[in-house]
Amino acid sequence: MTGNISQAILEQDLASMPQLKGSVLEGRGLKSRIYTGITWLLAILAAFPLFSVLYMLIAKGGARINWETLTELPPSAFEVGGGIGPAIVGTGVMVGIGAAISIPIGILAAIYLAEIDPHTKLAHTARFLAKVLTGFPSILAGVFVYAALVVAMKSYSAWAGGIALAVLMLPTVILTAEEALKQVPQKMKDAAYGMGCTRAQVISKVTLPTGIPGVMTGVLLAVAGAAGESAPLLFTALFSTYFINGWEGLSEPTSSLSILIYNFSGMPYDNQIELAWTASLVLVLIILVFNILARVLGRQKF
Amino acid sequence: MNAIAEAETSQAAAWSVDPKDTVMDCRLQKIFYGDFLAVRNSIVPIEKNKITGFIGPSGCGKSTVLRSLNRMNDLIPIFRFEGSVTYHGQDIYDKSIDPVLVRRYIGMVFQQPNPFSMSIYDNVAFGLRLNRYKGNMDERVEKALRSAALWTEVKDKLKNSGLSLSGGQQQRLCIARAVATEPDVLLMDEPCSALDPIATRQVEELMLELKENYSVALVTHNMQQATRVADTTAFFSVDISQGGRTGYLVEMGETRQVFEDPQAQLTKEYVSGEFS
């Protein structure tokens with residue numbers, strides 16, 4: 001008897017229960033599924049160009065990746081073999097010069113903008129100009145250094161190339177380093193002041209060490225960007241088929257990967273065209289390595 | 001009119017202690033932020049080896065007064081202090097005084113735990129290195145962590161980040177960092193407001209131990225905390241009679257007296273919970 005009663009109560013409960021079961025084809029659920037599907041598709045589409053470029057570079061340039069290619073001088077017209085050694089060294093040296101100039105200036109400027117006087121007219125102007133400079137056409141950096149330096153030195157040189165790259169790296173370094181330093185919590189700086197730090201000590205002992213992973217990210221992204229630049233080098237470093245020869249060599253025309261790609265890809269010889277593909281792959285790998293480094297070093301250590 | 005009368009009574013009721021038991025004697029006339037008068041007419045002696053609690057409703061200037069004691073407020077460009085704070089016979093607001101050096105002798109613990117993003121060891125050693133301490137660093141770090149009742153919890157992970165600790169542990173790490181340089185006075189600005197009840201309990205017990213070696217000034221918005229730990233209590237209130245919001249000291253005395261037998265009507269209303 002009692003069983004029947006509870007059964008009846010249960011049925012009554014079921015009838016008054018709110019409808020919570022969803023259906024796949026019901027309006028809202030269906031819409032949600034369609035939108036999710038579209039975002040998936042677009043995400044894949046966005047990654048498609050990168051993967052097709054990588055695939056093509058590996059397919060066409062991968063075969064020539066070997067020690068000879070990475071170290072030898074480039075071949076002349078009908079020669080077989082040869083390599084892209086001087087271009088790799090040239091790109092490395094010029095990016096190095098650019099980094100050596102832009103990193104200290106950029107970080108000091110960022111310290112000023114983030115810590116010393118963030119709200120002065122000078123700071124607002126400098127920040128605005130740095131933002132304008134990020135969108136600066138890279139070829140103009142080349143033209144500028146050509147007029148300022150190449151004409152005066154009467155020669156294309158690695159110095160001029162490095163300085164042109166520094167002009168392009170500087171705004172990225174300034175703005176990302178400023179952002180990274182601003183992320184350091186005020187309460188940490190207060191603690192340092194409370195311990196009896198001067199402003200210089202707060203910056204050097206607390207703000208900079210705490211913000212350095214973020215600063216590194218900016219620096220490495222700037223380096224990666226500079227390594228791939230070609231237009232500014234066209235007017236400043238030009239090209240060379242030889243390795244940089246000592247300190248004096250820095251004042252002479254210098255080879256770079258991007259210009260080598262440009263020169264060789266237009267030549268009617270299979271050997272050169274193959275090397276252009278290989279150089280492209282090497283360049284992409286270098287940029288990739290810096291991007292990965294930026295991610296790894298950008299992680300907070302503590 | 002009423003406000004001025006009130007101020008005069010507060011002056012008359014000023015808590016007086018023997019100068020030789022006073023480690024800091026704060027006699028402030030006016031504190032301004034720009035044109036805004038934030039605190040006026042308050043005489044607040046900080047006694048040696050005691051905990052002086054600052055209580056009062058929000059906006060009454062208790063934190064401002066505390067932060068005036070180690071010149072932390074000087075970091076705010078529009079801050080202006082009139083009056084004197086005597087510390088070992090010197091007025092720390094004298095023109096010849098370097099605020100940076102003041103802060104090395106008067107330690108501070110903040111409302112939010114704020115360890116540096118460094119290892120636990122480096123956090124505690126920070127002030128010692130700043131003062132170019134040449135002795136046995138390990139020993140001093142251990143001593144500071146022991147006196148902050150944190151040593152047993154962290155002794156096996158001194159290389160770990162200070163930020164990896166729990167909130168209560170972080171606050172005790174900040175206390176260890178502040179006491180590592182053995183300052184005379186420890187200023188604590190609502191040190192438990194971001195902590196859970198268990199961590200609060202630990203920090204309160206720690207304060208009671210610390211007063212054997214240090215003089216503590218404690219701002220708290222929690223009256224029960226003041227009754228639990230403070231020897232002397234200063235009650236501040238805010239005067240809105242003249243359109244401003246100016247804080248001032250209403251009454252100061254032994255904690256028992258302030259809570260059980262308050263002299264001023266305002267104190268009576270505040271400690272009985274009529275306003276907060």
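This report describes chain A and chain B of a predicted model.

## Chain A: annotated transmembrane regions

The unreviewed UniProt entry lists residues 38-58, 93-116, 128-152, 158-177 and 275-297 of chain A under "transmembrane region". Two of these stretches are described here.

For residues 158-177 of chain A, the figures are 100% helix and 0% strand, with 27 Å between the end C-alpha atoms.

## Chain A: the surroundings of Ser251

Ser251(A) sits in a loop of chain A, with helix H11 (246-249) on one side and helix H12 (257-265) on the other. Ser251(A) is classed as partly exposed because it has 16 C-beta neighbours inside 10 Å, whereas a buried residue needs 20 or more.

Apart from residues within four places in sequence, the contacts of Ser251(A) are Met153(A), Ser155(A), Ser157(A) and Trp159(A). Tyr156(A) is 95 residues away from Ser251(A) in sequence, yet the C-alpha atoms of Ser251(A) and Tyr156(A) are 7.2 Å apart.

## Chain B: overall form

Chain B contains 11 helices and 10 strands. Its radius of gyration is 19 Å, close to the 19 Å given by the globule rule for 276 residues, so chain B is as compact as a globular protein of that length. The C-alpha trace of chain B spans about 60 × 45 × 35 Å along its principal axes.

Of the 276 residues in chain B, 47% are buried. Among chain B contacts between residues at least 6 apart in sequence, 72% join residues at least 24 apart.

## Nonpolar cores

The largest nonpolar core has 84 residues. The members that touch the most others are Ala176(B), Val179(B), Leu186(B), Ala217(B) and Leu218(B). Helix H7 (residues 167-179) of chain B gives the most to this core, contributing six residues. Leu186(B), setting aside residues up to four places away in sequence, touches Gly107(B), Val109(B), Ala178(B), Val179(B), Leu210(B), Tyr214(B) and Val216(B).

Key
Residues are numbered from 1 along each chain as its sequence is written. Chains are lettered from A and ligands numbered from 1 in the order in which they are written. This is a predicted model: local features need pLDDT of at least 70, side-chain atom pairs count only at pLDDT 80 or more; totals for chains, interfaces and linings use all residues. UniProt positions are given in the numbering used here, feature names are shortened, and annotations may be inferred rather than shown by experiment. Helices (H or I, at least four residues) and strands (E, at least two) are DSSP runs, numbered from the N terminus. A residue is buried if 20 or more other C-beta atoms lie within 10 Å of its own, exposed if 12 or fewer, and partly exposed in between; C-beta atoms are placed from the backbone. Two residues are in contact if their C-beta atoms, placed from the backbone, lie within 7 Å. The radius of gyration is taken over C-alpha atoms; the globule rule is 2.2 Å times the number of residues to the power 0.38. A nonpolar core is a set of buried Ala, Val, Leu, Ile, Met, Phe, Trp, Tyr and Cys residues joined through C-beta atoms within 7 Å.
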